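Please look over the notes below with the model open beside them. Each point takes up one part of the chain.

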Amino acid sequence: MSDTKTNWKKTLNLPRTGFPMKANLSQNEPATIKRWAEADLYGQVTAAREGCEPFVFHDGPPYANGAIHVGHLLNKVLKDIIVRARLLSGRQCRYIPGWDCHGLPIEHMVMTQLVESGKIAKLDSLSEADRRMAIRRECRTYAEKFIKLQSGQMKRLLTLADYDDPYLTMNPRYEQRVVETFADLLAQGLVFRQLKPVHWSIANETALAEAELEYEDRFDPSIYVDFEVVEAEAVAKAFGCEIDQTPSVMIWTTTPWTLPANLAIAVHERLPYALVRLDGSLTVVAEDLVETVAAAGGVEKIERLGRCMGADLVGLSYRHPFCDRTSPIVSAEYVTLEDGTGLVHTAPGHGVEDYGTGLRMGLDIYCPVRGDGTFDDTVPEWLRGLSVWDANEKVIEHLRSSGHLHAAMEFEHSYPHDGRSKTPVIFRATEQWFIGVDRPLADGGRNLRDMAMEATRESVKFVPEWGRNRMRGMLESRPDWCISRQRSWGLPIPAFAMSDGGVFMTAASVRAVAQAFGERGSDAWFTETPEALLSAYDPGSDPDAPEGLDLAALTKMHDIFDVWFESGSSWNAVMRQRDLGCPVDLYSEGSDQHRGWFQLSLLPGLGVLGEPPFRCLLTHGFMVDRDGRKMSKSGGNALNVDDLLKDIGADVCRWWVSSLAFESDVRVDLELFHLAGESYRKVRNTIRFLLSNLGDHDLATSDSLLADLDPRSLEAWVLAEASRLQTEVMDAYENYEFRRGHLAIFDFCNDTLSAIYCVGVKDHLYCDLPDSPRRRRTQAALHRLADVLCRLVAPVLSHTADEAWRTMHGEEACIHLETIQPLPFEADAAWPRVLEARDAILKQLEEAKAPERGGIEKSLDAGIVLPDADGTLAPFAEALAAICEVSRLRCDSAATDIVVEDLREQPLCERSRRRDESVSERSNGAMLSTRDWEAVQAVSSD
């Protein structure tokens with residue numbers, strides 16, 4: 001034995017790689033983004049997939065307002081994973097990002113800023129036309145600013161998209177296609193204008209669609225009101241009793257401000273009603289609600305005088321408690337006994353059901369509320385000019401003083417609010433443009449609702465599946481679509497007022513205006529005459545043109561399109577306009593889009609195409625904090641995306657996204673991102689180990705070295721496992737089960753490689769002769785493993801995969817130009833039994849650490865005798881010794897239990913620290929195994 005300690009390190013094949021252990025993502029990812037941009041990676045990838053089977057993906061437009069938040073992070077990363085996974089599978093997949101640029105959110109912010117900066121006075125001094133154009137210029141500048149900001153942030157998330165040519169809803173070519181879509185719907189007879197109650201934002205003085213609303217709990221007054229019946233004798237006859245005072249009918253409402261617009265009271269013909277005396281007051285309520293109504297008013301004495309059916313009350317009339325008019329009692333099927341009195345206050349100008357009753361009964365659609373939420377001069381003088389919210393108390397006090405108020409209390413309920421101003425909305429009848437969901441199409445007889453219900457029953461796939469019933473429920477009950485808004489910043493609805501008070505708009509005239517917008521943008525509506533806008537229109541060839549149409553006498557109207565109509569036409573304005581394919585294979589957004597973009601793309605798509613514009617809808621949940629509260633800046637619980645990218649990097653954020661069960665709401669906490677960082681490092685360092693042992697390996701030789709693998713070898717087993725991994729991950733990507741793919745990759749790195757294979761090959765990687773067949777075969781396997789891991793993680797860890805790929809193949813290489821490759825490897829069928837033996841051996845080695853069992857701390861100080869009655873395990877003895885990290889292992893057909901042999905008294909190889917049978921003193925005085933001695937001699941001879 002040598003007396004001096006030898007430095008064996010220089011004789012070993014130690015790992016070396018330029019792929020660092022520390023990722024430094026926040027510093028290195030921006031360089032990757034810059035490199036991709038300079039190389040036009042998106043263009044290269046698109047060109048590389050030219051002619052491949054397409055996967056048609058369409059990106060829904062985020063709003064060009066503010067910086068992106070964690071919801072955007074989830075949304076954009078999920079989409080990018082989908083796109084990159086399809087590219088990896090060898091399909092062509094274009095990703096055209098887009099932005100929703102028009103509409104109230106931007107105009108609201110611009111007007112707020114103008115007020116805060118003191119510029120609003122100058123704006124108000126302009127003519128109406130100049131004022132609109134000034135607002136539009138400010139809004140366009142605002143949108144452009146945030147498109148630039150959000151575009152940079154989305155690139156920072158490592159998304160691969162055509163950022164050089166995005167679609168913007170304010171661009172002329174987009175506007176043209178939206179208006180052409182509208183023309184097609186108009187030609188189908190689906191567009192109409194009507195005085196009708198709609199959700200109205202008082203704060204922003206515009207109609208709103210259901211998708212623009214948010215529901216919040218709110219306290220409102222709940223009141224019970226008596227309306228005196230005109231025909232007292234008819235009431236006595238209906239109830240079969242004598243009466244000695246004027247009877248009333250009692251209603252219940254949570255909107256006292258709508259009482260000035262009351263034009264009817266509705267009953268249900270088949271419900272029983274009671275004539276009761278409540279502490280002396282004679283009134284009519286539903287029979288089953290007498291006690292409830294009495295309790296609400298603190299009534300001490302109830303006297304029931306008679307009973308009749310609702311049908312007996314229909315046709316009676318009553319006096320309004322503070323307006324000079326009488327109105328009828330009518331029947332309505334929607335009257336229930338769930339709340340109130342069983343008699344429903346009906347104001348046709350302020351409610352959807354009320355409106356329907358008004359149309360059926362020939363009532364006026366009366367709305368005394370102006371756009372700013374104040375009453376006009378048609379109401380009693382004491383209400384004129386009051387806001388509806390201030391009017392509530394005034395109405396209650398008036399009813400109390402006049403003796404018509406039975407009870408009043410506070411009532412908490414869920415109430416619609418303007419999603420932008422966060423203020424409560426009202427129902428208000430105004431003339432608006434609608435797309436009718438129950439009107440038959442001119443060319444087919446079916447209506448949009450029936451077509452949508454049929455499409456969502458069979459044609460469209462939903463991920464997750466529960467989205468189907470959710471969206472169908474919304475479609476089943478949705479009203480006609482109000483598509484007009486009363487603002488400046490938007491795409492004008494190309495309607496003209498005629499001198500006789502009528503409205504001129506035909507499919508042909510709309511297409512002519514669409515052409516003008518395509519050439520000059522929608523600002524042309526505000527700067528050009530009707531004749532100029534209609535320069536491409538020929539009344540003589542338009543069968544729908546009114547007789548004697550004088551274009552010079554037309555006046556432009558100034559409603560704009562609902563922004564949902566603009567984004568809902570993107571299948572036409574982007575996918576068809578750019579010849580990308582329609583119907584689209586996938587729309588993917590948050591679950592709120594069942595009511596929004598999904599539904600409002602489906603309806604115009606059905607009207608124009610006759611089929612859905614998409615084949616599959618994928619939805620994800622919302623971001624909530626660890627307590628389940630919605631994340632928001634105002635709530636103080638939002639995470640800043642820029643800070644996340646600075647602290648942990650985009651790849652860790654992407655790895656976190658891939659780990660989510662995204663179908664439900666997602667709990668977000670900084671700690672969860674740090675946990676994702678730990679698991680990311682496991683994957684990264686596994687790849688690093690593979691790469692670090694390829695420094696002296698010729699990658700071109702890998703295929704030949706692995707051509708005739710012994711299926712019993714460790715390499716055959718690990719490559720067969722890699723093949724299974726590839727199949728599972730690609731299937732997970734295909735089916736949008738990203739969490740399944742994430743877990744499979746992590747488990748493969750953590751268990752299959754780190755815990756088993758890498759343990760088993762480290763010794764001969766480091767200690768064998770550099771050119772030993774065993775080492776070269778292992779290096780070939782490591783190369784294939786690194787190759788498949790880089791490919792499989794590339795859709796998620798876009799920077800890391802590319803960094804590793806360039807380490808293997810050179811600075812000019814790029815993983816994102818690659819596709820998945822077959823892994824035709826199979827392992828011996830006995831490998832599951834081998835792994836069971838490994839588990840049993842490791843258990844015995846752990847127990848052998850105990851002092852009473854010998855206290856063998858190091859596994860290399862142990863040998864194993866393994867029972868092998870049928871000889872199955874004997875061919876795997878060398879592999880088992882390697883993956884269990886023991887110095888010796890032999891199989892014994894006669895043994896019944898695993899035996900751990902204590903080898904601490906046996907010679908120790910100074911270089912490999914193993915105690916195999918070949919260790920002896922060599923000519924240089926060192927104790928070395930035969931393998932290690934040969935390696936040392938080879939180094940010495942060099």
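Which residues of helix 14 are buried? This is a predicted model, and the points below start from that question.

1. In helix 14, the buried residues are Gly467, Arg468, Met471, Arg472, Met474 and Leu475. They line one face of the helix, because their directions seen down the axis of helix 14 fall within an arc of 160°. On the other side of helix 14 are Asn469, Glu476 and Ser477, which are exposed. In general, residues three or four places apart in an α-helix point the same way, because there are 3.6 residues a turn.

2. Helix 14 covers residues 466–477, which makes 12 residues. From its first C-alpha to its last it reaches 18 Å, close to the 16 Å expected at 1.5 Å a residue.

3. The loop between strand 17 and helix 14 holds Pro464. The peptide bond that leads from Val463 to Pro464 is cis, and its omega is near 0°. A cis bond is also found from Cys582 to Pro583, with omega near 10°. Pro583 is in the loop between helix 19 (570–576) and strand 24 (586–590).

4. With 14 residues, helix 1 reaches 20 Å between its first and last C-alpha, close to the expected 20 Å. Leu25, Glu29, Thr32, Ile33 and Trp36 are its buried residues.

5. What covers the buried residues of helix 1? The cover includes helix 2 (41–48), helix 3 (70–88) and helix 6 (128–156). It also includes helix 22 (650–658), helix 23 (670–692) and helix 28 (798–809). Just after helix 1, Asp40 takes a positive phi of about 50°.

6. The largest nonpolar core has 220 residues. Trp656, Tyr757 and Leu785 are those with the most contacts inside this core. Helix 26 (residues 738–767) gives the most to this core, with 13 residues. Apart from it lies another core, of 72 residues, which has Ala264, Leu275, Ala332 and Cys482 among its members.

7. Leaving aside neighbours within four places in sequence, Trp656 is in contact with Leu73, Met623, Val666, Arg667, Val668, Leu672, Phe673 and Ala676.

8. Ile745 has its place in helix 26. Is Ile745 buried or exposed? Its relative accessible area is 2%, so Ile745 is buried. Beyond neighbours within four places in sequence, Ile745 is in contact with Trp655, Leu725, Val729, Tyr733, Leu792 and Val793. From Ile745 to Ala722 there are 23 residues in sequence and 9.7 Å in space, C-alpha to C-alpha.

9. Asp162 deserves a look for its charge. This residue is in the loop between helix 6 and strand 3 (167–168). Asp162 is buried yet has no salt bridge. Arg94 is the nearest side chain of opposite charge, 4.4 Å away. Apart from neighbours within four places in sequence, Asp162 is in contact with Arg94, Tyr42, Tyr95, Ile96 and Pro97.

10. Glu205 lies in the loop between strand 4 (191–201) and strand 5. Its phi is near 50°, a positive value in a residue other than glycine. Glu205 counts as partly exposed, at 39% relative accessibility.

11. Thr206 is in strand 5 (residues 206–208). At 1% relative accessibility, Thr206 counts as buried. Not counting residues up to four places away in sequence, Thr206 touches Leu104, His199, Trp200, Ser201, Arg485, Gln486 and Arg487.

12. Lys422 is not a glycine, although its phi is positive, at about 65°. The loop between strand 15 (405–418) and strand 16 (426–435) holds Lys422. At 44% relative accessibility, Lys422 counts as partly exposed.

Notes:
Residues are numbered from 1 along each chain as its sequence is written. This is a predicted model: local features need pLDDT of at least 70, side-chain atom pairs count only at pLDDT 80 or more; totals for chains, interfaces and linings use all residues. Side-chain values use heavy atoms; hydrogens and water are left out. Helices (H or I, at least four residues) and strands (E, at least two) are DSSP runs, numbered from the N terminus. The expected span of a helix is 1.5 Å times one less than its number of residues. Buried means under 20% relative accessible area, exposed over 50%, partly exposed in between (1.4 Å probe, protein chains only). Contact means heavy atoms within 4.5 Å. A nonpolar core is a set of buried Ala, Val, Leu, Ile, Met, Phe, Trp, Tyr and Cys residues joined through side-chain atoms within 4.5 Å. Lys and Arg count as positive and Asp and Glu as negative; His and the chain ends are not counted. A salt bridge is a side-chain nitrogen of Lys or Arg within 4 Å of a carboxyl oxygen of Asp or Glu. The arc is that of the directions from the helix axis to the C-beta atoms.
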